[in-house]
Amino acid sequence: MENGAAPTAKPVIVAIDGPSGTGKSSTSKAVAAQLGLSYLDTGAQYRAITWWMVTNGIDLEDPTAIAAVAGKPEIVSGTDPAAPTITVDGVDVAGPIRTQEVTSKVSAVSAVPEVRARITELQRSLAAGADKGIVVEGRDIGTTVLPDADLKIFLTASPEARAARRSGELKGADVHATREALIKRDAADSSRKTSPLAKADDAVEVDTTELTLAQVIECVVTLVEEKRAGK
Ligand SMILES: Nc1ncnc2c1ncn2[C@@H]1O[C@H](COP(=O)(O)OP(=O)(O)O)[C@@H](O)[C@H]1O
Ligand SMILES: Nc1ccn([C@@H]2O[C@H](COP(=O)(O)OP(=O)(O)O)[C@@H](O)[C@H]2O)c(=O)n1
């Protein structure tokens, strides 16, 4: 080693996939913060492009209409896990992308191949530019976006646990209706032709139903540290 300098750690790429409400965002943010890595919420990017389409009156029942404008909005993601940001054409959309309207329409938009190609390119470039490494969470990160990730995790949980977690967030929301909406969105995301929600063959599956968030975070941090140590 020249000048006795300490070796610089190789950037580590972590892919976390799974259905809605399994804890991907909370886990990824915490793991990235704890390990000094960047963090990317790819669902927020699909929500942002959906928000733009809704705002601009695009017919979301028509995949050709969606494909025709997929390249128009400029979507920028801030990857600091302590303060992730998302803008569309310079407008902060962190709030508006979480509405029921966007949630109910995002699967139709994200199924369009031109949308996926556009967003996948953004994701790969953000991952390549993360000096220390990055935790990227979504549905197709381990299978399609970053197939060479150093570590792939696939989070699962029972529909009941996921619905209870989500309705806890959406204060007062009916657990049954939330459960039905989750199941419908997962079915759409899993059955689309282009890069569906799926576990990569080499992903580690973690069932979070009976685990606390702190336990899931600890489990993933340990797996990253083991990878880094070459175990
Ligand atoms: N293991 C867990 N136990 C209990 N609640 C959890 C757990 N993991 C996440 N949560 C909570 O569930 C909700 C959904 O988690 P989130 O990380 O947004 O899931 P996802 O990104 O997979 O949709 C959040 O309110 C979060 O605090
Ligand atoms: N890598 C990804 C991430 C999200 N998505 C789409 O974006 C939607 C919203 O993702 P999200 O992660 O914000 O969803 P939540 O489970 O957090 O509600 C999903 O239902 C998918 O339709 C995708 O297609 N591919």
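Colleague: Is Thr79 buried, partly exposed or exposed?
Modeller: Thr79 has a relative accessible area of 22%. Buried means under 20%, exposed over 50%, and partly exposed in between (1.4 Å probe, protein chains only). The value for Thr79 is 22%, so this residue is partly exposed.

Colleague: What kind of model is this, and how are residues numbered?
Modeller: This is a predicted model, in which local features need pLDDT of at least 70, side-chain atom pairs count only at pLDDT 80 or more, and totals for chains, interfaces and linings use all residues; side-chain values use heavy atoms, leaving out hydrogens and water. Chains are lettered from A and ligands numbered from 1 in the order in which they are written, and residues are numbered along each chain as its sequence is written, from 1.

Colleague: Which residues does Thr79 touch, not counting residues up to four places away in sequence?
Modeller: Contact means heavy atoms within 4.5 Å. With that sequence limit, Thr79 touches Ser38, Tyr39, Leu40 and Leu126.

Colleague: How much of ligand 2 does the protein bury?
Modeller: A polar side-chain atom of Arg47 lies 2.7 Å from an oxygen atom of ligand 2, and one of Asp140 lies 2.9 Å from a nitrogen atom of ligand 2. Taken alone, ligand 2 exposes 530 Å² (Shrake-Rupley method, 1.4 Å probe). Of that area, the protein buries 98%.

Colleague: Which element gives the largest share of the shell around ligand 2?
Modeller: The ligand is surrounded by 18 residues, each with a heavy atom within 4 Å of it. Helices here are DSSP runs (H or I, at least four residues) numbered from the N terminus. The largest share, 4 residues, comes from H2.

Technical notes: A polar contact is a pair of N or O atoms within 3.5 Å; within protein, one must be able to donate a hydrogen and the other to accept it, and residues adjacent in sequence count only if both atoms are side-chain atoms. Helices (H or I, at least four residues) and strands (E, at least two) are DSSP runs, numbered from the N terminus.
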